[in-house]
Amino acid sequence: MNAHEKGYFTEENSVEVVTGRNANASSERLKQVMEVITRKLHEAVKELEPTQDEWMEAIQFLTRTGHMCNEWRQEFILLSDVLGVSMLVDAINHRKPSGASESTVLGPFHVADAPELPMGANICLDRKGEDMVIGGRILDTEGRPIADAVIDVWQANDEGFYDVQQKGIQPDFNLRGVFRTGEDGRYWFRAVKPKFYPIPDDGPVGQLLGSLGRHPYRPAHLHYIIRADGYETLTTHIFDPHDPYIHSDTVFGVKESLLAEFELTNDAVRARQYGFEDRFWEVRHDFVLARVGQLRS
Ligand code: BEZ
Ligand code: FE
């Protein structure tokens, strides 16, 4: 028997026997990860005492989850999202200094090559939906404007679909754009008011949500990735606080600081200046970037 072996497997010593086998793991981190996961998993099995049929059901759920994955669909990430694990990993990896904008989940609908547009451009290419103008400033934690910040935005349309979910129905790159700030750190663009939408729920994760009595919806939001030299990249959203799902986002992505006021403006003169017909929604939201290496206070 090798020094690390603890004897035959029993219900009582299961964790020590299994983790003892990993003594020659290729890295200390892998050994630690497997030690913690084995300990927590065995603890769960001992508490739940699943029947053989229940365990097989769990295996089949994971198998269906894997089969659902392809180039466009990542069911395991959706599973991590609805379990709150994606937001937990995000929180652990983005502890911010005070005053810096908070992050939230990236989601599966970002595309890397959206076009860079002049400030003020309308990202809604099919003009469907309620007009909206949105703007604010990109600042550092001392309130100074950040020039040359690159703002990558994307959102669902007024029916709750991203362009990549409706190829041939929405124009390519509909409701996406990249903007670059000038010396004043200001950004603005035109779009349409986004709507709540379900995460892809035609697979095992959607079935799980149904069995748990949970809905699959995310409250209306706009996505942002903001990059600037010398600053931590910020991946975040802004949310409509009046959305019916604002308190029950299925992926737990909402944070108080990410709520932005969406104001309905009935001003025909200003509407026409923006190229809109009459009334439009107006949103203002500033983002604050942390400097690389800036300590959390
Ligand atoms: C999204 O906001 O695009 C999203 C986030 C998590 C899961 C599905 C969609
Ligand atoms: Fe989204």
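A residue counts as buried under 20% relative accessible area, as exposed over 50%, and as partly exposed in between, with a 1.4 Å probe and protein chains only. This is a predicted model, in which local features need pLDDT of at least 70 and side-chain atom pairs count only at pLDDT 80 or more, while totals for chains, interfaces and linings use all residues. Residues are numbered from 1 along each chain as its sequence is written, and side-chain values use heavy atoms, with hydrogens and water left out.

Met34 belongs to helix H2 (helices are DSSP runs of H or I with at least four residues, strands runs of E with at least two, numbered from the N terminus). Because its relative accessibility is 35%, Met34 is classed as partly exposed. Met34 is also one of the residues of a nonpolar surface patch, among them Leu30, Trp55 and Ile59, with about 740 Å² of accessible area together. Helices H2 and H3 each supply at least two residues of the patch, and H2 gives the most, with six.

An open antiparallel sheet has the strand order E3-E2-E7-E8, where pairing requires at least two DSSP bridges between two strands. E3 and E8 stand at the edges with a single partner strand each, so one side of each lacks a neighbour in the sheet.

| Strand | Residues |
|---|---|
| E2 | 150-155 |
| E7 | 221-227 |

Strands E2 and E7 pair over six bridges in the antiparallel sense, and Gln155 stands opposite Leu222 in E7.

Conventions:
Chains are lettered from A and ligands numbered from 1 in the order in which they are written. Patches are made of residues with over 30% relative accessible area and no salt bridge: like charges are joined within 9 Å, nonpolar side chains (Val, Leu, Ile, Met, Phe, Trp, Tyr) within 5 Å. Accessible areas come from the Shrake-Rupley method with a 1.4 Å probe; for residues, only the protein chains shown count as cover. A salt bridge is a side-chain nitrogen of Lys or Arg within 4 Å of a carboxyl oxygen of Asp or Glu.
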